[in-house]
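I opened my notebook to see what I could look up in this one. Here is what I went through, entry by entry.

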Amino acid sequence: MPFPFHIDIIDLVLKGILIGIFASAPMGPVGILCVQRTLNKGRWYGFVTGIGAAVSDMVYALFTGLGMSFVMNLITNPHHKYWLQISSSIMLMIFGIYCFRSNPTRNIHNSSKSKGSLWHNGLTAFFVTFSNPMIIFIFMFLYALLTFVIPNHPFEMCIGFISIMAGALLWWFGLTWLIDKIRNKFDNNGILIINKVIGCVVIVFSIVFLVGTIFNLYHIPGL
């Protein structure tokens, strides 16, 4: 639903954390890199890899938010917003199905045996993530679905973007912690399981919002 004049900061923070987790969770090239470095070099090398990815995602999150702020009059129109949320739900569902069906282990290659510095690991992860601008579309769908962008409220939006970063870091911290704890039992099947679980969560999330929008659980006047 559109933000009222009084903005619920807690609600905005929770949305930001959710966006950060959802944008980071799919096991793409940087996810595989994070897993490999955690197993081969240690947990903190894996986490620093996640930090590099999170910083890159943050850049795209800011660009996407700035771009959407210029068309807020269009997308906050109740009728336009209704169809935008439906299309965003469908696109996220397709993305979730793709995650569930994909096999990220095909992209695994032998990583360097040299640990390198933490800075080097973080920087390389930043560029690996930054080379994939498709993440912009994920942010667009999530922003539209959660009505995240608030025009003319820079302070609140700063909090929101910090929350996205916090959500991303929370994901990478949790992932590297889990892999480090079960490193002796973790193999390629573990990566597949994580990816399928992520796909299922995204599918369920998108279906909930799609049904809620279609049946007007988020009341939109005039529909």
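**Entry 1: the whole chain.** Before counting, I wrote down that a residue is buried when its relative accessible area is under 20%. With that cut-off, buried residues make up 47% of the 223 residues in the protein chain. I also noted that I am looking at a predicted model. Then I looked up the helices and strands: the protein chain has 9 helices and 0 strands. Reading along the sequence, I got the pattern α-α-α-α-α-α-α-α-α. I checked contacts too, taking those with a separation of 6 or more, and 87% of them join residues 24 or more positions apart.

**Entry 2: what the record says.** I looked in UniProt, where an unreviewed entry lists residues 12–35, 47–70, 82–100, 121–146, 158–179 and 191–218 as "transmembrane region". I picked two of these spans to check in the model. Residues 82–100 are 100% helix and 0% strand, with end C-alpha atoms 27 Å apart. Residues 158–179 are also 100% helix and 0% strand, and there the end C-alpha atoms lie 32 Å apart.

**Entry 3: helix α1 and a salt bridge.** Helix α1 covers residues 9–24, and its 16 residues reach 23 Å from first C-alpha to last, close to the 22 Å expected. Its buried residues include Leu12, Lys15, Gly16 and Ile19. How many salt bridges does the structure hold? I found 1. Asp11 pairs with Lys15 in a salt bridge, and their closest N and O atoms are 3.4 Å apart. The two residues are 4 residues apart in helix α1, so about one helical turn separates Asp11 and Lys15. Lys15 comes out at 14%, so it counts as buried.

**Entry 4: the nonpolar core.** Next I looked up the largest nonpolar core, which has 46 residues. Among those with the most contacts inside it are Ile19, Phe139, Trp172 and Phe205. The elements that give two or more residues to this core are α1, α2 (29–40), α3 (43–69), α7 (135–146), α8 (154–181) and α9 (188–214). α8 gives the most, with 9 residues. I followed Ile19 a bit further. Leaving out residues up to four places away in sequence, Ile19 touches Phe139, Leu142, Tyr143, Leu146, Phe148 and Ile164.

**Entry 5: Lys115 in its loop.** Where is Lys115 found? I located it in the loop between α5 (78–101) and α6 (118–130). Its relative accessible area is 41%, so Lys115 is partly exposed. Lys115 and Asn40 are 75 residues apart along the chain, but their C-alpha atoms are separated by 8.4 Å. Skipping residues up to four places away in sequence, I listed Lys41, Tyr45 and Asn121 as the residues Lys115 touches.

**Entry 6: the two faces of α6.** Asn121 took me into α6, where it is one of the buried residues, along with Gly122, Ala125, Phe126 and Thr129. These cover an arc of only 135° around the axis, so they sit on the same side of α6. Which exposed residues does the face turned away from the buried side of α6 carry? I noted Trp119 and Leu123 there. Last, I checked the length of α6: 13 residues at 1.5 Å a residue should span 18 Å, and the end C-alpha atoms are 18 Å apart, which agrees.

Conventions:
Residues are numbered from 1 along each chain as its sequence is written. This is a predicted model: local features need pLDDT of at least 70, side-chain atom pairs count only at pLDDT 80 or more; totals for chains, interfaces and linings use all residues. Side-chain values use heavy atoms; hydrogens and water are left out. UniProt positions are given in the numbering used here, feature names are shortened, and annotations may be inferred rather than shown by experiment. The expected span of a helix is 1.5 Å times one less than its number of residues. Buried means under 20% relative accessible area, exposed over 50%, partly exposed in between (1.4 Å probe, protein chains only). Contact means heavy atoms within 4.5 Å. The arc is that of the directions from the helix axis to the C-beta atoms. A salt bridge is a side-chain nitrogen of Lys or Arg within 4 Å of a carboxyl oxygen of Asp or Glu. A nonpolar core is a set of buried Ala, Val, Leu, Ile, Met, Phe, Trp, Tyr and Cys residues joined through side-chain atoms within 4.5 Å.
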